[in-house]
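Open the structure in your viewer and keep the selection tool ready. Each stop below tells you what to pick and what is there.

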Amino acid sequence: MLGPQFVCHRRHSPPGGPVSRTSGTTSDARTALRICPLCEATCGLTLTVEGSRVTGARGDRDDVFSKGFICPKGASFGAVDGDPDRLRTPLVRKDGELREATWEEAFDAVAAGLRPVAERYGPNAVGIVLGNPNVHTMAGALYPPVLLAALRTRSLFTASTVDQMPKHVSSGLLFGDANAIPVPDLDHTDHLLLIGANPLESNGSLCTAPDFPGKLKALKARGGTLTVIDPRRTRTARLADRHIAIRPGTDALLLAAMAQVLFEEDLVDLGDLAPHVQDVAELRAELADFTPEAVAGACDVDADTIRALARELAAAPTAAVYARIGSCTVPHGTLASWLVDVLNILTGNLDRPGGALFPQAATDKSPRPAGPGHGFALGRWHSRVRRHPEAKGELPLSALAEEIDTATAEGEPVRALVVVAANPVLSAPDGARLDKALDSLDFMVSVDPYLNETSRHAHVVLPPPPPSQSPHHDFAFNTLAVRNQVRYTRPAVPLEPGRMAESEILARLILAATGMHGADPSAVDTMVIDQTLGKAVHEEHSPVHGRDPRELAAQLTGDTGPERRLDMMLRLGPYGDGFGVRPDGLTLEKLLAHPHGIDLGPLAPRLPQPLKTRSGKVELLPQPLADDLPRLREALAQRPDGLVLIGRRHLRSNNSWMHNVPALTGGTNRCTLHIHPEDAQRLGVRDGADVRVKGAGGEVVAPAEVTDGVRPGVVSLPHGWGHDRPGTRMRHASAAPGVNVNQLLDGSLLDPLSGNAVLNGVPVELTATL
């Protein structure tokens, strides 16, 4: 039930979305609303459209969530949308070359190439690779799970294992649900500790917060404290009250020492959490060795500072610890992610306003009564070659090349690949090996708007339309939002002739891959609706328990299959009408009547309802984490002898997506090697001169940028560059290609619990070029 917090901006709109028109001298221009899909902030945009072309973008001041905020990526929406290098028609490989083809020819080729591999070698011989952009599109959220279930393959690889998997694993072990990720209550906290995060550049990650910079400034304006722990003096660090330039890769040690101080100085206060938490005494014993004095040398942070960090956290009226990719892509990423929540728990700041809370998205399942659940399991199966355990159903992306090019007695290698919005040749370690491995596949299909470093290997490329021609709802990011809200925008521009909606592309791909080639693509949505409602009516606590699923399906509204599925999820969700049970509840029709979104209120305490552990409590010391602590103790004595490498975020970039847009490259968004003046002088490196960087996986040459923004002993290269391979069609990106930082990695360094690649704190050697 929406209740009294149901605050919205109402403006009725025609089926194509809300528009307004202004007269021009040569043509009529109109405006249309669109949620920005270019980063996790999900800001509302007002687009200016002339004909079928987006000519401008500004922040939507009436958007209930972003309230007019916009970043350079959103302002460049029209340039991204209208990039002339975007593919407009499918490509099919004939006589060794990719050539333009009809949609019918493309799906005929998919059916002929993909299904026989699964039938001959088994389902695991077909791999699926999902990239980061999938979570930024409506179709990318709805259809890949159906494809995965239909193929019954365990060979799933996604961008999560070069990014966030440690947080999923730690949340699964602590709370019983890998997607139960608490986010900082940015609007109300008194003390925010950021570790390995740079939201002024990233706009936030695993924490959906439009205008993250403004929220940090508001925190300081109301007298709050911002502490940043990062090897670089980032834009975020420059805003902080305290910046700790930690040695890369030692985040878990520092966090463990802070927790040890809380125990040692009797600062632990669970408050209202106490009835919901177990294993506190056991945790105290396990962390006893991690004193500030013991970790100081490894972290390069003095013991007094560590004690001060812990005391300040405990003393604040409310506080939240938030960590991101810098603490995930390290050897102890899962332990670091776990210890973030441990600190929030020990200070009583989990699940309370001003602390870290669990969001409640409108498309979440209707909450079940609190009680024990099935828990979270790791290692239900393993990769063939190096026996990596699965995590959340995924194998490490770092293992993709070896799973293709290495034969073992454990089963067939991956012989066919479905790649959806992914570019692992640049985003995974050792792209050179993966490059070769992709060429050896029996068949590969890529769903991608570009012919990039990965899709150039495909036998079939299926290009989705630009974002202006697609609907948008954020399924994943609303589960991580710092305020509960719901928004949906229909396409701002009609689908061009010859284009195919991304939802139809993926539905046809599912049919072609599963022996149903030629069937009506709407059958996929019908199947999902029938299965979902059929299950819901048998669930005791469902709002539709005992009802006729056919009668429920007949009530669904929407012009397309995805809209009908969205309507179903909204109705069954925590704010939904329950198919008429709660007349004031949420439906698609109600959401369409509020094009700037519906505000569902601030985050609120929800425990114990989100817990799905077998005990029904927060399990503070899960056995897999306890078993990994000896490895962390070994790190107490480790000191790097030479330089170590870390990554770097750019505000006008998002991984490898946007380097083909002139408006988003140049200036600070360049592929340079940051090096401290002391290291540059010692190694004879001049500012602007090329420097050779060598790692376990290979070497690259990049221009040096001498700066005291990075601490001594650390060098930094940004992620997502290296657009220099032949056969791509990204003219602007290839003109200033940069270098692929992941080629310095050989893929052997992983966080063992999550399978996440170690991208930060890795040893490298530098040589000044002549």
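**Stop 1: the largest cavity**

The model is a predicted one. Select K167, P182, Y322, A323 and V340: of the 17 lining residues, these are the closest to the centre of the largest cavity. The space inside the largest cavity is about 140 Å³.

Now colour the elements around it. Strand 10 (183–184), strand 15 (320–323), helix 14 (325–328) and helix 15 (333–346) each supply at least two lining residues. Which element gives the most to this lining? Helix 15 does, with four residues.

How many cavities of 30 Å³ or more are there? The count comes to five.

**Stop 2: the second largest cavity**

Select C39, E40, S202, R649 and N654. They lie nearest the centre of the second largest cavity, which has 14 lining residues. Its volume is about 110 Å³. Colour the lining of the second largest cavity by residue type: one residue is nonpolar, eight are polar and five are charged.

**Stop 3: an open pocket**

Next, select P248, P331, Q638, P640 and G761. Of the 27 residues that line the second largest pocket, these lie nearest its centre. Helix 24 (623–634), strand 23 (643–646) and strand 28 (762–768) are the elements that give two or more residues to the lining of this pocket. Strand 28 has the largest share, three residues.

What is the volume of the second largest pocket? It is about 530 Å³. Its lining divides into 14 nonpolar, eight polar and five charged residues.

**Stop 4: the largest nonpolar core**

Show side chains for L253, M258, L283, F290, W338 and L346. The largest nonpolar core has 65 residues, and these six touch the most other members. Several elements give two or more residues to this core, among them helix 6, strand 11 (191–195), helix 12 (292–299) and helix 13 (303–315). Helix 10 (251–264) is also one of them. Which element gives the most to this core? Helix 10 does, with eleven residues.

Stay on helix 10 and pick Q260, which is located there. Is Q260 buried or exposed? Its relative accessible area is 10%, so Q260 counts as buried, since the cut-off for buried is under 20%. Now draw a distance from the C-alpha atom of Q260 to that of G196. The two atoms are separated by 21 Å, and the residues are 64 apart along the chain.

**Stop 5: rings and charges**

The structure holds three aromatic pairs. Select one of them, F175 with F358: this pair is edge-to-face, with 5.2 Å from centre to centre and 85 degrees between the planes. The partners come from distant parts of the chain, 183 residues apart. F175 is in helix 6 (residues 165–175), while F358 is in the loop between strand 16 (356–357) and helix 16 (400–405). Both F175 and F358 are buried.

Now look for charges over rings. Select R565 and Y143: R565 lies over the face of Y143, 5.0 Å from the ring centre. Then select R571 and F579. Here R571 lies over the face of F579, at 5.2 Å from the ring centre.

**Stop 6: backbone details**

Hide the side chains and follow the backbone. Go to L607 and P608, which are joined by a cis peptide bond with omega about 5 degrees. P608 sits in the loop between strand 21 (598–602) and strand 22 (618–619).

Jump to D95, in the loop between strand 6 (91–94) and strand 7 (97–100). Its phi is near 55 degrees, a positive value in a residue other than glycine. Is D95 buried or exposed? D95 counts as exposed because its relative accessibility is 75%, and the cut-off for exposed is over 50%.

Finish at R387. This residue is not a glycine, yet R387 has a positive phi of about 60 degrees. R387 lies in the loop between strand 16 and helix 16. Its relative accessibility is 42%, so R387 counts as partly exposed.

Conventions: Residues are numbered from 1 along each chain as its sequence is written. This is a predicted model: local features need pLDDT of at least 70, side-chain atom pairs count only at pLDDT 80 or more; totals for chains, interfaces and linings use all residues. Side-chain values use heavy atoms; hydrogens and water are left out. On a 1 Å grid over the protein atoms alone, a cavity is a set of points where a 1.4 Å probe fits but cannot get out, and a pocket is an open set with protein on both sides within 12 Å along at least five of seven lines; lining residues have an atom within 4 Å of a point. Grid points are joined across faces, edges and corners, and a volume is the space filled by probe spheres set on the points. Ala, Val, Leu, Ile, Met, Phe, Trp, Tyr, Cys and Pro count as nonpolar, Asp, Glu, Lys and Arg as charged, and the others, Gly among them, as polar. Rings of Phe, Tyr and Trp (its six-membered ring) pair if their centres lie within 6.5 Å; planes under 30 degrees apart count as stacked, over 60 as edge-to-face and the rest as tilted. Buried means under 20% relative accessible area, exposed over 50%, partly exposed in between (1.4 Å probe, protein chains only). A charge sits over a ring if NZ of Lys or CZ of Arg is within 6 Å of the ring centre and within 35 degrees of the ring normal. A nonpolar core is a set of buried Ala, Val, Leu, Ile, Met, Phe, Trp, Tyr and Cys residues joined through side-chain atoms within 4.5 Å.
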